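Here is a short tour for someone meeting this model for the first time. Have a look at it, and then we'll walk through its cavities, a metal site and some strands.

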Amino acid sequence: MNTQTPATSPQFDTTFASLPERFYSYAQPISVANATPITHNQELAQELGIDLQWLTSDEALQVLAGNQTAMGSAPMAQAYAGHQFGTFNPTLGDGRAHLLGEIVTPNGERFDLQLKGSGPTPYSRRGDGRSPLGPVLREYLLSEAMSALNVPTTRSLAAVATGETVMRQSPAPGAVLTRIAPSHIRVGSFEFFSRQGDDAGVKTLADYCLKRHFPTLIASPNPYLALLNEVIERQAKLIAQWQGFGFIHGVMNTDNVLICGATVDYGPCAFMDDYDGDKVFSSIDRQGRYRYNQQPGIGQWNMTRLAEALLPLLDSDSDKAIALAQEALSSYVTHYGAAYQRVMSNKLGMSKPQPDDQKLTQQLFTIMTEHKLDFTLCFRYLVDQAAIDESHQSIEDAFSAPDELLVWQKKWQLRLDKDPQTKAQRYEQMKLANPVFIARNHQVELAIRAAEDQGDYQPFYNLLEVLKVPYNYHSALKKFALTPMAQEVVTHTFCGT
Ligand code: AMP
Ligand code: MG
């Protein structure tokens, strides 16, 4: 007798399909030659209420490779536009992604379940709709690392190898990623309608976002202004978090900015190793538009594009609408400033900001720049200084402090002596703000090379496990904490499109 209960496939409840047809195109993923599982995310499946037995079944493999349509799913590609490197592109859209549908978790939260690399759609233009294995593994690692750092982000539920070859600079094995997001609605989704003069489309999309993401704002006196303010606040806070981890997104085009405030599109992104405010990794960002120090300002530029699209909804009088938008946009600076200050206070163990903190922080960054100090290890070294008991694992010789830093530390210590919190509180605060493990480029690259060149996924699995617990150091994991040696340094990252 078979005592096993049959696996239950996810139940889709796709509200996006209730929107007018010009918002998307129904499109079937294209089957692949030989779907093979690479990994699936059990913890995430559990949070989402997805049956693990299903996720590991052959049916799930076929669904997540695009070979079979899931029960109750009507796959679609979403329409959007966007500013790419400052230039408006009216027709983007999901050119290599299919939304299989929305799922509702046991605690009532709604998420998109999307395949990426699942074949061409009506928005593919000249693209093949596919993704090489490397970028799929990269997105999987980086998004899960960000999630473990508590940064709002899309997540990765599964990766499947297609058994096909994708042609890029050189031929590469193909793969499909299953991406989970609170929604994939972008700033560029609003621009898509706004730039066509389709005010009704903008309103429909704004109403949809309010209902789906910000239901409490519907009762505001001006719900569309409240929507704009909320998106601005989330974006400012998100970018402050990126800055705190040395994360460089690399391609902050408006089509890569989600309304829900989660990080999306891990293409040519990177966590920096040695600190340099002008750092750029993206191979396509030749002017450094999206360099580390520029990210906060670009965030406001992107929010300005959203505000422009929402103008007709803010007030029927266009002068009043512009004034409201300007006020909302100026709040970005306030939100960012406050969020960044919180991030830095946490990193440096301060509970009550003081006027000179900014100067002290700036001095630290100057030392880090001059000595090319590893961003992550330098802050983690400061956690070691604040450690209070034996159970703390110091990073020891993984980082060596130059004399100037030792001098700075004395000033920092004097500042901390004036702070009201206990040493134990400080240690906890700093520990959670200063990971020891980040998704380092050279480690990510090693994992990708092993998978692409030798079909060996073990380095990918090992790195993923480490990145899931970014705060707890153990000497056995030392190699994952180290800054790269000169010959290991990865200077450029690619989008893989
Ligand atoms: P991204 O660089 O991933 O943000 O993509 C920018 C735009 O190019 C989006 O509209 C994508 O859907 C599209 N795109 C990227 N790669 C491909 C591809 N291989 N095939 C078709 N469209 C693509
Ligand atoms: Mg994109």
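Phe16, Phe23, Gln78, Ala79, His184, Ile185, Ser189, Phe193 and Leu205 line the second largest cavity of this predicted model. A cavity here is a set of points, on a 1 Å grid over the protein atoms alone, where a 1.4 Å probe fits but cannot get out, and lining residues have an atom within 4 Å of a point. Both domain 1 (15-186) and domain 2 (188-267 + 279-346) give at least three residues to this lining, with the domain bounds coming from an automatic or database domain assignment.

A search of the whole structure turns up three cavities of 30 Å³ or more. Here are two of them, with volume taken as the space filled by probe spheres set on the points, which are joined across faces, edges and corners. Ala, Val, Leu, Ile, Met, Phe, Trp, Tyr, Cys and Pro count as nonpolar, Asp, Glu, Lys and Arg as charged, and the others, Gly among them, as polar.

| Cavity | Volume | Lining by class |
|---|---|---|
| Largest | about 50 Å³ | seven nonpolar, four polar, no charged residues |

The lining of the largest cavity includes Gln235, Trp242, His249 and Asn256. Asn256 also turns up at the magnesium ion (ligand 2), which is coordinated by Asn256 (OD1) and Asp265 (OD) at 1.8 to 2.1 Å. Donors are N, O and S atoms within 2.8 Å of the metal (3.2 Å for Na, K and Ca), and water is not among the atoms, so sites may look incomplete. Asn256 and Asp265 are both buried, meaning under 20% relative accessible area with a 1.4 Å probe and protein chains only.

Now for some strands, which are DSSP runs (E, at least two residues) numbered from the N terminus. Strand β6 (residues 97-104) has seven of its eight residues buried. Strand β7 (residues 110-116) is largely enclosed by the rest of the structure, because six of its seven residues are buried. The two run antiparallel and are joined by seven bridges; strands pair if DSSP finds at least two bridges between them. Val104 is bridged to Arg110, and Ile103 to Phe111. Together β6 and β7 make a hairpin with five residues between them, and Gly108 in the turn has a positive phi of about 85 degrees.

What does β7 pair with over five bridges? That is strand β9 (residues 171-181), again in the antiparallel sense, and Asp112 has Ala181 as its bridge partner there.

A few notes on conventions: residues are numbered from 1 along each chain as its sequence is written, while chains are lettered from A and ligands numbered from 1 in the order in which they are written. Local features need pLDDT of at least 70, side-chain atom pairs count only at pLDDT 80 or more, totals for chains, interfaces and linings use all residues, and side-chain values use heavy atoms, leaving out hydrogens and water.

How values were computed:
1 Å grid on protein atoms, 1.4 Å probe; cavity = no way out; pocket = protein on both sides within 12 Å on 5 of 7 lines; lining within 4 Å. Buried < 20%, exposed > 50% of the residue type's maximum accessible area, 1.4 Å probe, protein only. Helix = DSSP H or I, 4+ residues; strand = E, 2+ residues; numbered from the N terminus.
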